[in-house]
Amino acid sequence: MKNKQIASKGIAIGKAFIYQDEGFDVPKNKTKDVKKEKEKLKDALKKSSDDIKKIKEKSEANLKQNADIFDAHLEMINDPELIKQTEAMIENETLAAETAYDKVADQYIEIFKNMDDPYFKERASDIKDIKNRVLAYLLGKTPKTNIKTAQEDTILIAKDLAPSDTATLDFDYVKGMITEMGGTTSHTAIMSRALNIPAIVGAKGLIEKIKSGDTIALDALNNNIIINPKQTELDKLKAQQKDWQTHLKTLNKYIDNPTKTKDDHQIPLFANIGNAEEAKNLKDVGAEGVGLFRTEFLFMQSAEAPDLKTQIKAYQTVFEAIQPVIIRTVDIGGDKDIPYLKLDKEENPFLGVRGIRLALQEKKLFKTQLKALLIAAKDQDDLRIMLPMVATINEIKKSKAILNEVKKALKKDKKAFQDNIKLGIMIEVPAAALNAFELAKHVDFFSIGTNDLIQYLFAADRTNENLSHLYEPYDPTLLSTISRIIQAGHQEDIPVGLCGEIASKLDLALILTGLGIDELSMSPTSILEIRKTLASLNITDLRTLAQAILKAKDAKDVKKLIKQFKDDNL
Amino acid sequence: MIKQNIIITDEDGMHARPASKISKIAQGYEDAITLTYDDKDVNLKSILAVMSLAIPQDSEVTLSITGDNEKQTLKDILKAFEDEGIDIKTQ
């Protein structure tokens, strides 16, 4: 576990819950009591249906995802053909319910798996999902997603967590998360910060050392994981946990204050969010707005594209919670696949059809999203739409034409919508960074997306652990690129924000402020710490620091300068 | 028994969301309801059976209804298709 990293700060102690996608080995059980087996089946189906109903209610309540897929799951569990065939097999072959159900469900899984149409092919996993749940009950085990019903503090441990996994997890009892894979920009990491749950990522080899139910002390302040800790260790950690909470309390004084330096330079600190639910708590952590609302989560967590109504509801939830909000249109592709779009498999998805490229290709999807946004924002002061992965002026022009079409259609239907639209772009492709002076003439704002800009600038995959030395946010090449983008925006009088993970890092937030950034959008939990620090510094000093840093020769130099600055000023 | 040919014109064909809703509605009827596509007959009350046909856009399918309220059931089922966002063209 050498390479493990803190993804979200804090300390958590709880029982290990190992989340893995495991099937069941179903023994070939015979039965003498056919009637009893049928009863057993009925009971397992009932329990499974009840589970799904609860999951559906939960999903709808917190809007984490489109809950329609659970209607399909419910229908699959209660499918009359599946039940009839299972009962017939129990009777004719005197098989135990689990053996018969396993066989019949597998026949359906095979049918779907062998289909040509990728959408229907993917449905095999839905049947597998319900099969595993029903089988778990038939075998007297607990279904894996029963973390939903956990009644004690839990540390969630997984090899990796995909967005679709986390969408169905219930975090009421999850006090901490550990994954074996991933770095600090993985989905798990981003989500743990958004949910304010301590997390460590990249803890390779952990799962084979533990079993479910072990007590785990997750020390995401000192990057340490203790399995079945001794009482003395627990006492020490609990003391640290208390200190950490006290520290968080001192930060709370800054919740309602706007962010400004000692010499009154204002720099709004916004939050990055990944689903509508997260918007609800943003004011409690001091966010002054949303600088990046990642809408693709809406598209990834269901089996089909979310319809207009679902989207409007989700966007309105965010608009009602906080203002202003910068909404990024759907950024699918790269590492985020969507089965129902039936996208071609790409050799190199990060350089493939993603972001605005996909939106311009899947026009129906793009139009529905724009339409939903325009309607959802009808009672707001404005609507800020941001396009991802823009590389050329032509992409902006095409997007504007589509936006105009949507507006025209709404006008024709006499639907109320928001007409005051600010259209901005992410600057995350090197071509856009280089052409920023021209691009600035065509849009209303820039937001620098450093997660991708760094990996494209240095041609270093951000998920490749062997290249983490190249994924270096302190590199002066990156910082001077950012400086240039800011100048380009300011020359055309448009604001330039930044919404990458680097904004959450105090040192970098200070440098970026000195470079003249107009707004920083970050993990919500980093806002107060940065606000507190900025309040004790002068913008004039930060500008001097930034100028010195632009002349630095490497990342090590930059780090030295910032350390010196902090020693002198804090 | 009465029969009705229809063409599914929805561009996604007969996918999970409408299939789940239509099977559920079909389960509310005593009459036997069969969906025929590509010479295969399935029980419309079974979502798995319906989806196992993987019906794509522009497919012609046949609804066959046997029971005491055939006409009313057919009318309701056709409406269910339309309500669930599946465009159909009757033939």
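Predicted model: local features only at pLDDT ≥ 70, side-chain atom pairs only at ≥ 80, totals over all residues.
Contact here means heavy atoms within 4.5 Å.

View 1. Welcome to the first close-up.

**View 2. Eight strands of chain A close into a barrel.** Follow the strands in the order E8-E9-E10-E11-E12-E13-E14-E15, and you will find parallel pairing. From one strand to the next, the twist averages 25°. For one pair in detail, look at E9 (residues 290–294) and E10 (residues 325–328) of chain A, which are joined in the parallel sense over three bridges. Here A:Val290 stands opposite A:Val325 of E10(A).

**View 3. The largest nonpolar core has 166 residues.** Among the residues with the most contacts inside this core are A:Tyr101 and B:Leu63. Domain 2 (34–140) and domain 3 (255–569) of chain A each supply at least three residues to this core. Apart from it lies another core, of 15 residues, including A:Ala203 and A:Ile216. In soluble globular proteins, nonpolar side chains tend to be buried together.

**View 4. A:Phe446 meets residues from elsewhere in the chain A sequence.** Leaving aside neighbours within four places in sequence, A:Phe446 is in contact with several residues, among them A:Ile425, A:Leu439, A:Ile485 and A:Pro495. A:Phe446 is also one of the residues with the most contacts inside the largest nonpolar core.

**View 5. Helix H5 of chain A spans 31 Å.** This helix has 21 residues (118–138), and its reach from first C-alpha to last is close to the 30 Å expected at 1.5 Å a residue. Just after H5(A), look for A:Gly140, which takes a positive phi of about 70°.

How values were computed: Residues numbered from 1 in each chain as written. Chains lettered and ligands numbered in written order. Heavy atoms only, no water. Core = buried A, V, L, I, M, F, W, Y, C linked by side-chain atoms within 4.5 Å. Buried < 20%, exposed > 50% of the residue type's maximum accessible area, 1.4 Å probe, protein only. Domains from an automatic or database assignment. Helix = DSSP H or I, 4+ residues; strand = E, 2+ residues; numbered from the N terminus. Expected span 1.5 Å × (residues − 1). Pairing = 2+ DSSP bridges. Axes fitted to C-alpha atoms, helices over the stretch in contact; angles between N-to-C directions.
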